Amino acid sequence: MPMSHNRHNLRAFLNDTGTLFMIEQYRIFAEELMALLEGAESVEISVGDHPPLFVDIIDDEISATETRCFIILTQSAVMDGEYTLSPQIGFLLSQQGGLPLAEPVTYQNDRTDTRLAAYQQSPTGEWISNDPAIREQVYDLTAATLKDIRARGCFDARAFRVTR
């Protein structure tokens, strides 16, 4: 898990790929994560008989020029008597040009035996992007997960929230 966020500039990555669409999607992800957290550092959200959703700020860095934090979104379930992550997504939340962006950097789903990392950490601590196809796969899985979370009502008043 990222604790040091020395890596390529997100805007440079996005400009290199020519996808301003991604900037908008990362901005939407940031808004959704902040809406789920509602100002807390850790929250558990339950809706009906769905497995609970956990959103936690794991690490944050505040400097004179920017603030970054690593946020984990986890849906847990019990499968064959075992606790599973189904899924768990790691986001790097940062401010780029005053714009909050949440980039999905890890995705794990025990039910489908999927473990993907959009970045890997070098021996010097720098975060280096993996294959663009892996980054795209992490993004697609994240977008589908957040769509499901919205459909389940995690943003609605009917959601039961516990600040942890």
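Reader: How many aromatic pairs does a search of the whole structure find?
Author: This is a predicted model: local features need pLDDT of at least 70, side-chain atom pairs count only at pLDDT 80 or more, and totals for chains, interfaces and linings use all residues. Residues are numbered from 1 along each chain as its sequence is written, and side-chain values use heavy atoms, with hydrogens and water left out. Rings of Phe, Tyr and Trp (its six-membered ring) pair if their centres lie within 6.5 Å. The search finds three.

Reader: What kind of pair do the rings of Y26 and F29 form?
Author: Planes under 30 degrees apart count as stacked, over 60 as edge-to-face and the rest as tilted. The centres of Y26 and F29 are 6.3 Å apart and the planes stand at 35°, so the pair is tilted.

Reader: Is F29 buried or exposed?
Author: Buried means under 20% relative accessible area, exposed over 50%, partly exposed in between (1.4 Å probe, protein chains only). F29 has a relative accessible area of 3%, so F29 is buried.

Reader: How many residues apart in sequence are the parts that the pair of F29 and Y139 ties together?
Author: F29 and Y139 form a tilted pair, 5.8 Å centre to centre and 35° between the planes. Helices (H or I, at least four residues) and strands (E, at least two) are DSSP runs, numbered from the N terminus. F29 lies in helix 2 and Y139 in helix 3, so the distance in sequence between these parts is 110 residues.

Reader: How far apart are the end C-alpha atoms of helix 3?
Author: The expected span is 1.5 Å times one less than the number of residues. For the 21 residues of helix 3 (residues 132–152) that gives 30 Å, which agrees with the separation of the end C-alpha atoms, 30 Å.

Reader: What arc do the buried residues of helix 3 cover around the axis?
Author: The buried residues are R135, V138, Y139, T142, T145, L146, I149 and R152. The arc is that of the directions from the helix axis to the C-beta atoms. These residues are on the same side of helix 3, because the arc is only 150°.
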